[in-house]
Amino acid sequence: MKKTVLVSGGAGFIGSHVTVELVEAGYDVVVADNMSNCDMTCFDGVTKIIGRRLPFIRMDFCDMEAVERLFSDYQIDAVIHFAAFKAVGESVAEPILYYRNNLSSFLNVLEAARSHGGCNVLFSSSATVYGEPDETPVTERSPRQPATSPYGNTKQMCEDFLRDAVKAYPEIKGIALRYFNPIGAHPSALIGELPRGVPNNLVPFITQTAIGKRECLNIFGNDYPTPDGTCLRDYIDIVDLAKAHVCAVARMLDGRMKEPYEIFNIGTGRPVSVLELVNAFEKVNGVKVNHRFAPRRAGDVTAIWADPSLANRELGWKAERSVEDTLAAAWAWEKHLAGK
Ligand code: WQD
């Protein structure tokens, strides 16, 4: 029998790419989203890519009754939880909003999972839990550092919620995927990242500068102790990242987990500097990205990249796309948005 996967926050950037990969792997998918930080662009894009409209429920995961109803209306075998606020700076300014939203929505998912006889729960975590690591690359055993923002703190706390829920309730199994820096877009250019206002993240800022929406990219800091002085990150292609979710869901549903709660780094294992990324974007797409060096951004870590060998071995997953192909897809998406 076909298994059903609920994707909370499924109309967003990562959720929409994961939805496509789940459908292509043969799962039934139910998408739920409160649309607080996106419009229907990506859900409509998913419809075009897969050729049919999936069940879509507009709801807020902070609304326990709505979550209960969802779990009653569908026989859910696994839930992938994306629904959350994700702006680091905003979380510093609005901590209560972030704690209330990100924590209560996940608690509701766990409670519904439990009251409906158990479920496999995949939580979308972040490399932000490692803070400024003492050693790179980081493995899943590298220590978590105290969070530097309420956003980062919610990722750590939700990981702990899942770990403790799994310990207490054997009917719940959990996997946390710690993403490094997801970038790019689907090769169809029908779904991608849709930042509201001025982008915080590097690649949307690059594409918007290249297309003329922004005047100039500020490269935050060129005096870091790295080969070219700019920060190092592990940029992971969004489709590769989405495929990791399919592998993790299959592992849970097939009973292949080695522990009832598992954590995997999802990255390439390859550090890339800000300057290298900008240069690669210009080269592969044949466009200029106006840029200048600016002071360091508060809270940025110097260098972090993944040791993805656990995910490679246990999930049978590996990042495949080159950074050039990923940057070409990001550019195609920006042009699609601009109608070019
Ligand atoms: C990458 C590099 C910047 C913008 C954040 C969150 C993390 C995760 C992903 C989100 C850094 C530099 C950026 C710009 C720049 N979660 N940069 N000019 O900070 O590694 O991770 O996003 O949901 O939790 O912290 O990603 O894309 O913001 O920055 O020079 O205009 O690009 O300094 O070195 P980051 P990013």
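Modeller: Gladly! Start at His245, where a polar side-chain atom sits 2.8 Å from the backbone oxygen of Leu241. Please keep in mind that this is a predicted model, in which local features need pLDDT of at least 70 and side-chain atom pairs pLDDT 80 or more, while totals for chains, interfaces and linings use all residues. Residues are numbered from 1 along each chain as its sequence is written, and side-chain values use heavy atoms, without hydrogens or water.

The side chain of His245 also makes a polar contact of 2.6 Å with that of Tyr179. Such a contact is a pair of N or O atoms within 3.5 Å; within protein, one must be able to donate a hydrogen and the other to accept it, and residues adjacent in sequence count only if both atoms are side-chain atoms. His245 belongs to helix H8, residues 238-253; helices (H or I, at least four residues) and strands (E, at least two) are DSSP runs numbered from the N terminus. With a relative accessible area of 0%, His245 is buried, where buried means under 20%, exposed over 50%, and partly exposed in between (1.4 Å probe, protein chains only).

Now to the ligand. Around it are 20 residues, of which Leu202, Asn218, Arg233, Arg297 and Asp300 come nearest; a residue counts as near if one of its heavy atoms lies within 4 Å. Ligand oxygen atoms lie 2.6 Å from a side-chain N or O atom of Arg233, 3.2 Å from a polar side-chain atom of Tyr151 and 3.4 Å from a polar backbone atom of Asn200. The protein buries 87% of the 690 Å² that the ligand exposes when taken alone, by the Shrake-Rupley method with a 1.4 Å probe; for residues, only the protein chains shown count as cover.

Which elements give two or more residues to this shell? They are helix H7 (202-211) and strand S8 (217-220), and S8 provides the largest share, four residues. The ligand lies between two domains, because domain 1 (4-183 + 235-266) and domain 2 (202-233 + 269-337) both give residues to its shell. Those bounds come from an automatic or database domain assignment.

Finally, the cysteines. The whole structure has zero disulfides, a disulfide being a pair of cysteine sulfur atoms within 2.5 Å. The sulfur of Cys42 is 7.3 Å from the closest cysteine sulfur, in Cys38, which is too far for a bond.
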